[in-house]
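Visitor: I am new to this structure. Could you walk me through it, one question at a time?

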Amino acid sequence: MQQIEHIKEFGGWLNRYRHASEACNCLMTLSVYLPPAASLGPVPAVYYLSGLTCTDDNVRIKAGAQRYAAELGLALVMPDTSPRGDGVPDAPERYDLGQGAGFYVNATEPPWAAHYRMFDYVTDELPALLEHELPLLPGLRSITGHSMGGHGALVAALRRPELYRAVSAFAPICNPSAVGWGEGCFGAYLGQDCAAWADYDATLLVRAGKRFPGTPLIDQGTDDEFLADQLHPDALEAACREHGQPLQLRMQPGYDHSYHFIASFIGEHLAHHADAFAA
């Protein structure tokens with residue numbers, strides 16, 4: 001990894017790295033916050049997956065997460081949302097497909113399949129790389145995210161529960177196979193056979209018997225402009241209830257889809273992950 005930024009924050013360090021990714025077949029950029037405790041020895045890591053149009057920059061600037069991570073002794077891993085670069089396919093006329101909109105799937109359809117393998121990148125390649133290069137406790141990790149990234153966090157935890165101690169999400173896309181964002185991207189990345197989409201749909205995975213590690217924490221604003229058409233937490237809640245999967249879904253009155261919402265509750269989410277690490 002090449003370190004390209006090194007910024008002191010709350011007694012720890014906010015670092016930015018660039019590295020060649022085998023999964024995504026391009027250079028990838030990410031940020032990692034290492035708390036003060038990391039200077040004394042390896043620490044647990046919380047992976048934060050961002051939403052549509054975002055990069056690693058959004059959460060590290062807007063969420064206010066580093067202060068809580070410093071207090072709790074947690075590293076924050078903040079990857080990009082998709083592969084990028086001149087040779088990476090894109091749909092520049094669309095914000096919800098292509099660069100900035102990787103949807104944390106392993107694409108199977110051309111021209112996307114050669115680069116858009118974000119599921120493998122987040123769950124396998126990145127943890128192996130970071131736990132080798134940085135003071136992170138091997139295997140002691142959890143995952144969270146916002147919107148498209150909340151979808152990615154839920155799917156990663158359901159498909160690979162052995163990798164994570166806990167999962168949480170902010171306004172996740174809970175049933176992407178049934179909404180416009182998911183249908184558009186899944187059709188492009190995974191093809192028109194909807195059966196292939198089920199591997200990346202948290203609601204369908206729960207219905208198929210997959211289980212989360214522990215009890216997921218989901219916060220959802222009631223004034224979120226995407227709640228009715230794109231997010232469908234009610235579908236996930238119903239699936240969890242039907243299959244005996246514990247779920248803490250908190251409907252937060254008056255909050256929207258923005259980072260103002262995330263910043264209001266990020267401390268509670270990081271405490272949720274810290275509790276799981278301590279258990």
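Guide: A definition to start: a disulfide is a pair of cysteine sulfur atoms within 2.5 Å. Keep in mind that this is a predicted model.

Visitor: How far is the sulfur of Cys240 from the closest cysteine sulfur?
Guide: The closest cysteine sulfur belongs to Cys174. The gap is too far for a bond, since a disulfide needs sulfur atoms within 2.5 Å. Cys240 is also buried, at 2% relative accessibility. The distance between the two sulfurs is 8.8 Å.

Visitor: Which cysteine has the sulfur closest to that of Cys26?
Guide: Cys26 is buried, with a relative accessible area of 14%. From its sulfur to the closest cysteine sulfur is 5.4 Å, too far for a bond. That closest sulfur is in Cys24.

Visitor: How many disulfides does the structure hold?
Guide: For Cys26, the closest cysteine sulfur is too far for a bond. For Cys240, the closest one is too far as well. The count for the structure is 0.

Visitor: What is the order of the strands in the open sheet?
Guide: The sheet has 6 strands, with mixed pairing. β1 (2–9) and β6 (136–145) stand at the edges, so one side of each has no neighbour in the sheet. On average, neighbouring strands are turned by 25° against each other, direction ignored. The order is β1-β2-β3-β5-β4-β6.

Visitor: Do β1 and β2 run parallel or antiparallel?
Guide: β2 covers residues 12–21. Gln2 has Arg18 in β2 as its bridge partner. In total, 7 bridges join the two strands, and their direction is antiparallel.

Visitor: How many bridges join β4 to β5?
Guide: On its other pairing, with β3, β5 runs antiparallel over 4 bridges. There, Val32 has Val77 as its bridge partner. With β4 the direction is parallel, and Ala45 stands opposite Ala75 in β5. The number of bridges from β4 to β5 is 3.

Visitor: Which residues of β5 point the other way from Ala75, Val77 and Pro79?
Guide: In a regular strand the side chains alternate between the two faces of the sheet. β5 is mostly covered, with 5 of its 5 residues buried. Ala75, Val77 and Pro79 point one way. Pointing the other way are Leu76 and Met78.

Visitor: Within what arc do the buried residues of α2 fall?
Guide: Helix α2 spans residues 65–72, and Ala65, Gln66, Ala69 and Ala70 are buried in it. Seen down the axis, these buried residues line one face of the helix. Their cover includes β1, β2, β3 (26–34), α1 (56–62), β5 (75–79) and α9 (259–278).

Visitor: Which residue with positive phi follows α2?
Guide: The helix covers residues 65–72. The phi in question is near 70°. The residue is Gly73.

Visitor: At about what angle does α4 run to β6?
Guide: Helix α4 covers residues 148–159. It lies across both β4 (43–49) and β6. Its angle to β6 is about 130°.

Visitor: Which residue joins its side chain to that of Glu125 in a polar contact of 2.8 Å?
Guide: Glu125 lies in helix α3 (residues 118–133) and is buried, with a relative accessible area of 17%. Its C-alpha atom is 7.8 Å from that of Glu22, 103 residues apart along the chain. Among the residues Glu125 touches are His19, Ala20 and Asp120. The partner in the polar contact is Ser21.

Key. Residues numbered from 1 in each chain as written. Predicted model: local features only at pLDDT ≥ 70, side-chain atom pairs only at ≥ 80, totals over all residues. Heavy atoms only, no water. Pairing = 2+ DSSP bridges. Axes fitted to C-alpha atoms, helices over the stretch in contact; angles between N-to-C directions. Contact = heavy atoms within 4.5 Å. Buried < 20%, exposed > 50% of the residue type's maximum accessible area, 1.4 Å probe, protein only. Polar contact = N/O pair within 3.5 Å; in protein donor to acceptor, adjacent residues only side chain to side chain. Arc of directions from axis to C-beta. Lists of a residue's contacts leave out its neighbours within four places in sequence.
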